[in-house]
Amino acid sequence: MSAAARSPDQVPPHIVDAARHVLAEDGLAAATLERISEAAGVSRMTLHRHGVSKQRILTALAVRLEAEYRDAFWPALVSKGNGRERLTEALRNLCDVTEHNLGLHAALSARTRDEIYHEQDTGDGALTRAAFVEPLERLLLDGAGDGSLAVQSDSAETATVLFNAVTHTYGHMRTGHGWTPKRARHALLRLVIDGLGAAPPRARAGGPARPAA
């Protein structure tokens, strides 16, 4: 989905809300304009007169998702604390956004999710779009700089893996395993943050790690 396509004429917020509800309840195929207009309390002809197509609604949903992730990351980007603490906060908020959109994500087709979340594949595999991962990359670099997180050889790639590991795993534990939000979030963040933690000094230098006292 191009940058131009991500700056559509405004679709009224109540239409976007209705579309999110219909998608989560009925799935993408059943989310017709008739069904969306009914849920929004307007006529199908009203949508037609304003040029609101299903594609424009999906684009508006993509824009809203970007805003939700941006708002979720912002407190961690501006808060005090080391990189590890701020990354933990960002990932906790990322789980909250994923929770809010469980039904929507399940309803979207793989192609639609790709258009929303993925950069164009130039032949070496696609990365997640910068809007979703740049805040995580920033926190990874901050943590590497203050010693609270391990240095990454490719911070952009790690941020892409991190975003997808958290959102997909959290969603699966919630919907596939029936875990509570608290359990899924706690288990996932403990595993991820520990895996990104800075190694003990001797281990980073190539020697054996210092045994625990």
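Colleague: In what order do the elements of the protein run from the N terminus on?
Modeller: They run α-α-α-α-α-α-α-α-α-α-α. This is a predicted model. Its secondary structure comes to 11 helices and zero strands.

Colleague: How many of the residues count as buried?
Modeller: The protein has 213 residues, and 38% of them count as buried.

Colleague: What share of the contacts join residues at least 24 apart in sequence?
Modeller: Take the contacts between residues at least 6 apart in sequence. Of these, 65% join residues at least 24 apart.

Colleague: Why is threonine 98 called buried?
Modeller: Buried means under 20% relative accessible area. Threonine 98 has 2%, so it is buried. This threonine is found in helix α5.

Colleague: What is threonine 98 in contact with, leaving aside its neighbours within four places in sequence?
Modeller: Its contacts are Thr167, Tyr170 and Gly171. Contact here means heavy atoms within 4.5 Å.

Colleague: Why is glycine 195 called exposed?
Modeller: Exposed means over 50% relative accessible area. Glycine 195 has 62%, so it is exposed. Its place is in helix α10.

Colleague: How far is glycine 195 from leucine 149 in sequence and in space?
Modeller: The two are 46 residues apart in sequence. From C-alpha to C-alpha, they are 9.2 Å apart in space.

Colleague: What makes leucine 47 count as buried?
Modeller: The cut-off for buried is under 20%. Leucine 47 is at 3% relative accessibility, so it counts as buried. You will find leucine 47 in helix α3.

Colleague: Which residues does leucine 47 touch, not counting those up to four places away in sequence?
Modeller: It touches Ile15, Leu33, Ser37, Val42 and Val52. Isoleucine 36 is 11 residues away from leucine 47 in sequence, and their C-alpha atoms are 9.5 Å apart.

Colleague: Let's turn to helix α2. Which of its residues are buried?
Modeller: Helix α2 covers residues 33-40, and its buried residues are Leu33, Ile36, Ser37 and Ala40.

Colleague: How do you know that they are on the same side of α2?
Modeller: Look at the arc they cover around the axis. It is only 100°, so they are on the same side of α2.

Colleague: What covers the buried residues of α2?
Modeller: The cover includes α1 (13-26), α3 (44-49) and α4.

Colleague: What follows α2?
Modeller: Glycine 41 does, and its phi is positive, near 75°.

Colleague: Which residues of α8 are buried?
Modeller: They are Phe132, Val133, Pro135, Leu136, Leu139, Leu140 and Gly143.

Colleague: Why do we say that the buried residues of α8 line one face of the helix?
Modeller: Look down the axis of α8. Its buried residues fall within an arc of 150°, so they line one face.

Colleague: What covers these buried residues of α8?
Modeller: The cover includes α4 (54-78), α5 (83-100), α7 (110-117), α9 (155-175) and α10 (181-196).

Colleague: Where is glutamate 137, and what does it touch?
Modeller: Its place is in helix α8. Not counting residues up to four places away in sequence, glutamate 137 touches Ser155, Ala156 and Ala159. Leucine 87 is 50 residues away from glutamate 137 in sequence, yet 9.5 Å away in space, C-alpha to C-alpha.

Colleague: Last, the largest pocket. What is its volume?
Modeller: The volume is about 370 Å³.

Colleague: Which elements give two or more residues to its lining?
Modeller: Those are α6 (102-107), α7 and α9. Helix α9 gives the largest share, seven residues.

Colleague: How many residues line the largest pocket, and which lie nearest its centre?
Modeller: The lining has 17 residues. Nearest the centre lie His105, Ala106, Arg113, Thr167 and His168.

Colleague: How do the residues of the lining divide into nonpolar, polar and charged?
Modeller: Five are nonpolar, 10 are polar and two are charged.

Note on methods. Residues numbered from 1 in each chain as written. Predicted model: local features only at pLDDT ≥ 70, side-chain atom pairs only at ≥ 80, totals over all residues. Heavy atoms only, no water. Buried < 20%, exposed > 50% of the residue type's maximum accessible area, 1.4 Å probe, protein only. Helix = DSSP H or I, 4+ residues; strand = E, 2+ residues; numbered from the N terminus. Arc of directions from axis to C-beta. 1 Å grid on protein atoms, 1.4 Å probe; cavity = no way out; pocket = protein on both sides within 12 Å on 5 of 7 lines; lining within 4 Å. Points joined across faces, edges and corners; volume = space filled by probe spheres on them. Nonpolar A, V, L, I, M, F, W, Y, C, P; charged D, E, K, R; others polar.
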